[in-house]
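Here is my notebook from a first look around this structure. Have it open beside you and follow along.

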Amino acid sequence: MRRALQLLGAQLRVAALTSLQYRADFFADGVMSLFWLAVTLAPLLIVFDRRPTLAGWTFPAALLVIGWFTLLKGVLDGAVNPCLVAIVEHIRKGTLDFVLLKPADAQLLVSTSRILPWRGADALGGVAVLGFALVKLRHLPTAGQAAASVVLFLAAVALLYSLWILAVSIAFWVVKLDNLVYLFGSIFDAARWPVSVFRGVFRFLFTFVVPLAILTTYPAMALLGTLTWRTGALALSGAVVFFLAARLVFGEALRHYTSASS
Amino acid sequence: MRALAPARRALRAFPTLLAVGAAEAVAYRAEFVVWLLTTTMPLIMLALWTEVAREGGPVGGYDTRDFTAYFLAAFVVRQLTGVWVAWDMNREIREGLISMRLLRPVHPLAAYAAENLAVLPLRLLLCLPIAIAALVAAGRGHLTADPLLWFAFAAAVGGGWLLGFGVMSAIGALAFFFEQSLAVADFWFGLFYVLSGYFVPVALFPAAVRRVVLALPFRGMLGLPVEILIGRIGRPEALSGLAIEWAWVAAAWVAALAVFRRGVRRYSAYGA
């Protein structure tokens, strides 16, 4: 465990040093994340231009969901997607050998191999949106509510990461998967809406199959104080289950890896 | 006549290029299905907007069934007009692979066009069940009954494809000048999502915004063919929409050819 943390620290240090070399990227990525925030907000603005509420959500409450969505997107673009591209490339070219030969946990190594802190600029935008929404709601979350939403957000990060590991595992069987990133992004896009907006098949899909509800809706509800303890606990255990499943599947997938030499 | 020789040559090679492209699409089935799944955004928007209409009645003249027809049609049109030439070009220019294409006697843009067109049969095969389901679910009354508008729809889809391909190959050719040309593609897609009718039918925009949107190229790539197909707009509006769309098509192709030609001149990969 201590070794793993040391390794994580070393990888983060390297990422930070690398990113300091490309300081201009900070502005480029910052401008792009503002742009995407505007794109994300556009349909929301049009919906609430016509309606005061949607499926019980007011505009500022829905903004909370967007805030968590943007924050999570920062994590996705800054840490998850770049590593995903890296490992898919490793598998295709057979260079994963170099990672597997190292005396450390392979999953930890590949999932921290390419972290781009500047892409996390989204996260700043997310925090700003959360602040703005709370001011509009005239709602100051209690310490308990804030803590619950942060814990649920961490669960969301764990869940997102697990979904990503599961997706990467597919690449061991299907070698040419350059557009996995886009698939991931497009499913994740639905998380910008409160899950109660969806009905029927979509509700089922987004609650149980790809649990988008856990990603953004529950942290927002926790902040509002409308989330029950039971749902929160279920969300947490859901994240743990996904995490363990991802770990298992990744180990199984590694055994299917046909390296460059064999 | 000499000036037309390259075009004739491209035309003669086109069927073969198409056959090769189609075979490749079948070979990389998994990637193909993944790509199909990434374009499910219209279905999510369908779920969202039908809920809006269900809760509080029609919005901007669209009730739940209109939204269903609109977004199902949007899904099909997106399948028909999607191109990925910018990504291929960016990679091939960066890695110097484009040298191979430059050696061939067919203009590289024609070859890219053939590759991007060749997947359409396979995509149609996957789309048709959905199109039929749309017919049944949304009712026959939702598709335009005017035969002339069916021709207009075909012209709008064709124009949408040409427009998308023109813009995307111009952006792809920017890779001759700077590496990060895909960031431009991202930017373009962001605008496309909002302004083409992909997220929201153009009719739902506030009037002032709508006037601007109608003059921009984005609607031609999605909203226009969809609105024609589901009978939201009549002949005069379809005609003016087509005029704007095809003007943008011409502009995009002029830009693509110009950027490509200037790019090739400064291209300096090994052996070029």
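**Salt bridges**

I began with B:Arg54, which is partly exposed at a relative accessible area of 45% (buried means under 20%, exposed over 50%, partly exposed in between, with a 1.4 Å probe and protein chains only). Before going on, I noted that this is a predicted model, where local features need pLDDT of at least 70, side-chain atom pairs count only at pLDDT 80 or more, and totals for chains, interfaces and linings use all residues. I also noted that residues are numbered from 1 along each chain as its sequence is written, that chains are lettered from A and ligands numbered from 1 in the order in which they are written, and that side-chain values use heavy atoms, leaving out hydrogens and water.

Next I looked up the partner of B:Arg54. B:Arg54 forms a salt bridge with B:Glu51, their closest N and O atoms being 3.3 Å apart (a salt bridge is a side-chain nitrogen of Lys or Arg within 4 Å of a carboxyl oxygen of Asp or Glu). Both residues lie in helix H3 of chain B, three residues apart, about one turn of the helix (helices are DSSP runs of H or I with at least four residues, numbered from the N terminus).

Which chain does the other partner of B:Glu51 come from? A:Arg199 also forms a salt bridge with B:Glu51, with the closest N and O atoms 2.5 Å apart. A:Arg199 sits in the loop between helix H8 (180-189) and helix H9 (200-209) of chain A, while B:Glu51 is in helix H3 (residues 41-56) of chain B, so the pair joins two chains. Are these two buried or exposed? I found A:Arg199 partly exposed at 44% relative accessibility, and B:Glu51 buried at 3%.

I then turned to B:Arg232, which forms a salt bridge with B:Asp66, the closest N and O atoms being 3.5 Å apart. This pair links distant parts of the chain, 166 residues apart: B:Arg232 is in the loop between helix H13 (223-229) and helix H14 (235-266) of chain B, and B:Asp66 is in helix H4 (residues 64-81) of chain B. B:Asp66 is buried, with a relative accessible area of 11%. Shared partners join A:Arg199, B:Glu51 and B:Arg54 into one network of salt bridges.

**Helix H3 of chain A**

I followed H3(A) from residue 59 to 93: its 35 residues reach 48 Å from first C-alpha to last, close to the 51 Å expected at 1.5 Å a residue (the expected span is 1.5 Å times one less than the number of residues). I found a kink of about 40° centred on A:Leu76 (the bend is the angle between axes fitted to the seven residues ending there and the seven starting there). H3(A) is mostly covered, with 28 of its 35 residues buried. After H3(A) comes A:Gly94, whose phi is positive, near 80°.

**Helix H6 of chain A**

I read H6(A) as residues 121-137. Its buried residues include A:Ala121, A:Asp122 and A:Gly125. What covers the buried residues of H6(A) includes H2, H3 and helix H10 (212-224) of chain A.

From the H2 side I checked A:Ser33, in helix H2 (residues 24-50) of chain A. A:Ser33 is buried, at 10% relative accessible area. Leaving out residues up to four places away in sequence, A:Ser33 touches A:Ala121 and A:Asp122 (contact means heavy atoms within 4.5 Å).
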